[in-house]
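Take a walk through this protein, starting with its overall build.

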Amino acid sequence: KEDGGNLTFASTWTSFLGSLEEKDKDDKRFIVSSAMSDSDRQLYFADFVIELQAVEDEKRRRIRDARRRAEKAQRDAYRDTLRSMATQGKIIPSSRWRNFEDMLSQEGTFGPV
């Protein structure tokens, strides 16, 4: 069921059992035996769900880190543009934003910021 996408880190034992088809419930792994009680199966299930949560957290962390790197690159490009305009004399200490904004909006680095 995990491969079908029905099992997530938010799954509960009850929802998992409810999602099983009759043929899955007849599987020998789901029959209560003396070797493994129902509480043992629930414990293993909970451990597996914790692993799924860790995988999901890692995925979210990677996405967040990639977004931060992209934003930092955009900020750095924007600052480099400002520095180059300052060295060219286009920006001086008495420059006003409203006068400078039109000139800066033509630069490619202004849009993402």
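Predicted model: local features only at pLDDT ≥ 70, side-chain atom pairs only at ≥ 80, totals over all residues.

How much of the protein is buried? Of its 113 residues, 13% count as buried. Contacts also reach along the chain. Among those between residues at least 6 apart in sequence, 47% join residues at least 24 apart.

Now turn to the interior. In soluble globular proteins, nonpolar side chains tend to be buried together. The largest nonpolar core in this model has 7 residues. Its members are Leu7, Trp13, Phe16, Leu20, Phe45, Val49 and Leu52. Two helices, α1 (13-19) and α3 (38-88), each supply at least two residues of this core. Helix α3 gives the most, with 3 residues.

Helix α3 also packs against α4, which spans residues 97-105. Two packed helices are described by the angle between their axes and the distance between the axes. For α3 and α4, the angle is about 110° and the axes lie 13 Å apart. Angles of 65 to 115 degrees count as roughly perpendicular, so α3 is roughly perpendicular to α4. The crossing of α3 past α4 is right-handed.

Which residues meet there? From α3 come Tyr78, Thr81, Leu82 and Met85. From α4 come Trp97, Phe100, Met103 and Leu104. By class, this contact has 7 nonpolar residues, 1 polar and no charged ones.

How values were computed
Residues numbered from 1 in each chain as written. Heavy atoms only, no water. Core = buried A, V, L, I, M, F, W, Y, C linked by side-chain atoms within 4.5 Å. Buried < 20%, exposed > 50% of the residue type's maximum accessible area, 1.4 Å probe, protein only. Helix = DSSP H or I, 4+ residues; strand = E, 2+ residues; numbered from the N terminus. Axes fitted to C-alpha atoms, helices over the stretch in contact; angles between N-to-C directions. Parallel < 35°, antiparallel > 145°, perpendicular 65-115°, else oblique. Left-handed = near helix turned anticlockwise from the far one by under 90°. Contact = heavy atoms within 4.5 Å. Nonpolar A, V, L, I, M, F, W, Y, C, P; charged D, E, K, R; others polar.
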